[in-house]
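Trainee: I would like to go through this model and test each label against its cut-off. Where do we begin?

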Amino acid sequence: MPKLVEKTGSRPPWVGLAAAVWVQMSAGNASTFPLYSSALKLVLGFNQQQVTLLGVACDLGENMGLLPGYASNKLAPWAMLLIGVSSCFLGYGVLWLSVSQIVNGLPFWLLFIALVVATNSCSWFSTASLVTNMRNFPMSRGSVAGLLKGLTGISGAAFTVLFSVLLHHSASDLLLFLTVGIPVLCLAVMYFVRPCIPATGEDPSEPVYLAFLLGTSILLAAYLVVTTVLSEVYSLPSVLRYVLVAVMVLFLFSPLAVPIKMTLFRSNAQRSLPGSSDNLAKEEGESTQEEPLLITSTSDPNLGALFEEDDDMEILLAEGEGAVKKKRKPRRGEDFKVGQVFVKADFWLLWFVYFLGMGSGVTVSNNLAQIGYAFGIKDTTILLCLFSFFNFIGRLASGAISEHFVKSRTLPRTLWMGAAQLVMVFTFVLFYMAIDHTIYVATALIGIGMGFQFLSIATISELFGLRHFGINYNVILLGNPIGATIFSALLAGYIYDKEAEKQGNPTCVGPDCFRETFLVLAGVCGLGTLLTVILTVRIRPVYQALYASGSFRLQPQSGGH
């Protein structure tokens with residue numbers, strides 16, 4: 001892999017993380033489909049089946065991450081963001097031309113492809129942002145992954161605020177914003193999302209800064225939910241609308257407080273931290289140098305004692321003038337290529353755990369409006385807000401909780417994935433019982449449970465390294481659309497249509513519309529819980545080696561590869 005210029009100093013990673021906040025919010029553009037899907041149906045004359053197929057195109061594009069994952073080891077982050085910008089501009093541009101009726105008569109298949117291209121920008125944005133920041137903050141990867149994926153989860157609420165407050169529920173204006181606004185935003189910040197040389201020591205202020213970012217993100221999420229409800233319930237004056245949006249923008253700028261504070265009030269710990277800007281030869285501490293983008297290994301050299309020593313021991317062959325080391329396969333905790341992870345049982349256990357947990361959760365989220373209506377709720381806005389908010393809380397809390405226990409007790413993050421799926425089992429039973437008003441509690445719990453499944457991102461980086469993390473984690477993410485297809489489109493859709501046919505109406509009413517689905521999904525999450533127990537037992541020795549000192553063990557960076 002070619003060498004890339006890395007940024008040195010303690011401030012650039014935090015500036016990059018602040019820029020990544022905007023990228024991750026942009027990466028949630030696929031969540032806007034429900035906001036303009038009715039316009040597609042009305043203006044273009046589509047039936048419900050065609051709109052559903054376009055929804056599949058949306059999920060497909062969002063989760064086609066193999067190419068971005070592969071590119072993350074070949075291209076600089078700015079180049080990946082540029083590809084995402086082009087994808088977003090072209091895809092949403094076609095949809096905007098069609099919905100605004102500037103161009104008429106576009107075939108359905110072309111709009112399907114355009115939506116796949118448009119939402120595939122999510123994968124380019126997210127991969128560039130997530131991979132870069134996971135490598136910039138290797139000692140706090142759980143918290144960073146939870147923060148960034150949480151922002152993607154709450155971005156739907158941010159787009160809803162823009163749609164209802166500023167764009168006055170205009171689908172064509174929203175598509176124009178997605179066509180032009182998001183590309184301009186990502187172009188503005190793409191220079192700052194760049195690889196940096198992480199500190200070789202542990203920064204005691206890093207957890208404090210991350211806690212600040214997590215706190216402001218929670219406040220942002222709560223603010224977006226309240227703003228959405230207010231804009232839907234009350235008719236707000238124009239001035240107040242602009243004020244509400246301005247406050248949202250200020251929340252999104254709040255991560256810049258960290259590098260600003262580091263510039264104005266430098267702590268003694270920061271001055272003495274290895275790799276910090278104050279220890280550099282140049283006064284400003286932000287000079288660039290040629291360094292490898294990736295860490296040579298994310299493992300401890302003593303990990304070999306945990307595995308088959310007879311098979312993995314390095315054999316020295318005395319040939320020529322000196323000894324030559326025989327190439328060996330990587331061990332868990334080291335850097336795996338995508339072909340190598342395919343033969344590891346732990347990888348497939350993690351894949352199926354994510355597939356079962358996310359597939360069952362997505363079934364609820366994709367059908368939440370129909371579920372609410374079946375339970376007698378005419379306006380499902382509150383349900384959607386509840387799910388969005390608690391899904392964000394789950395993503396954020398999972399990173400913080402797992403980070404604490406992995407460092408203090410060396411507990412694998414998969415333990416919390418399993419605990420969340422166990423809660424989801426009882427939640428689906430609660431859905432099945434259909435007790436009055438419990439749907440709100442059940443919706444919130446499902447949102448939290450889904451959020452915890454994103455712990456698979458940090459887990460795969462710890463088990464199989466950061467060097468090929470981009471493509472490895474995108475393979476894991478394929479469990480989302482596959483699970484949605486099986487459990488949502490095939491299972492829930494079939495049972496819903498069968499019950500609606502019994503009632504003689506196209507719209508099904510009553511708990512029986514989803515009762516059998518909930519029972520099956522409870523069993524699915526039960527299987528997922530069992531698999532997480534097996535996986536946790538298998539990988540516990542790896543975590544005990546990686547976090548034996550209370551923090552992740554990194555080997556020093558070398559000069560080349």
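Mentor: With a definition. Buried means under 20% relative accessible area, exposed means over 50%, and partly exposed lies in between. Keep in mind that this is a predicted model.

Trainee: What makes H169 partly exposed?

Mentor: Its relative accessibility is 44%. That value falls between 20% and 50%, so H169 counts as partly exposed. H169 sits in the loop between helix 7 (141-166) and helix 8.

Trainee: Which other residue has a positive phi without being a glycine?

Mentor: A434, with phi near 55°. This residue is in the loop between helix 18 and helix 19 (438-452).

Trainee: Is A434 buried or exposed?

Mentor: Buried. Its relative accessibility is 18%, and the cut-off is under 20%.

Trainee: How do you know that Q24 is buried?

Mentor: Its relative accessibility is 0%, so Q24 counts as buried. Q24 belongs to helix 1 (residues 12-26).

Trainee: Which residues does Q24 contact, leaving aside neighbours within four places in sequence?

Mentor: F125, S126, S129, L130, L148, K149, L151 and T152. Contact here means heavy atoms within 4.5 Å.

Trainee: Why is helix 6 called largely enclosed?

Mentor: Because 23 of its 29 residues are buried. Helix 6 covers residues 108-136.

Trainee: How do you know that the span of helix 6 agrees with its length in residues?

Mentor: At 1.5 Å a residue, 29 residues should span 42 Å. The end C-alpha atoms are 43 Å apart, so the two agree.

Trainee: What about helix 15 (residues 345-366)?

Mentor: Helix 15 has 22 residues and reaches 31 Å from first C-alpha to last, close to the expected 32 Å. Of those 22 residues, 17 are buried, so helix 15 is also largely enclosed by the rest of the structure.

Trainee: What makes up the nonpolar surface patch?

Mentor: F89, L90, W109, I113, V117, L176, V180 and V184, covering about 740 Å². Helix 5 (77-99), helix 6 and helix 8 (171-189) each give two or more residues to the patch.

Trainee: How many helices and strands does the chain have?

Mentor: There are 23 helices and four strands. Of the 561 residues, 56% count as buried. Among contacts with a separation of 6 or more, 84% join residues 24 or more positions apart.

Trainee: How confident is the predictor in the chain?

Mentor: The mean pLDDT is 81, and 83% of the residues score at least 70. Helix 18 (residues 414-433) has the highest mean among the elements, 96. Helix 13 (residues 309-312) has the lowest, 41.

Trainee: Where is the pLDDT below 50?

Mentor: Over residues 269-324, including a model count of 137 contacts beyond near neighbours in sequence. Residues 555-561 also stay under 50. Where pLDDT is low, the predicted coordinates should not be read in detail.

Note on methods:
Residues are numbered from 1 along each chain as its sequence is written. This is a predicted model: local features need pLDDT of at least 70, side-chain atom pairs count only at pLDDT 80 or more; totals for chains, interfaces and linings use all residues. Side-chain values use heavy atoms; hydrogens and water are left out. pLDDT is the predictor's confidence in each residue, from 0 to 100. The expected span of a helix is 1.5 Å times one less than its number of residues. Buried means under 20% relative accessible area, exposed over 50%, partly exposed in between (1.4 Å probe, protein chains only). Patches are made of residues with over 30% relative accessible area and no salt bridge: like charges are joined within 9 Å, nonpolar side chains (Val, Leu, Ile, Met, Phe, Trp, Tyr) within 5 Å. Accessible areas come from the Shrake-Rupley method with a 1.4 Å probe; for residues, only the protein chains shown count as cover. A salt bridge is a side-chain nitrogen of Lys or Arg within 4 Å of a carboxyl oxygen of Asp or Glu.
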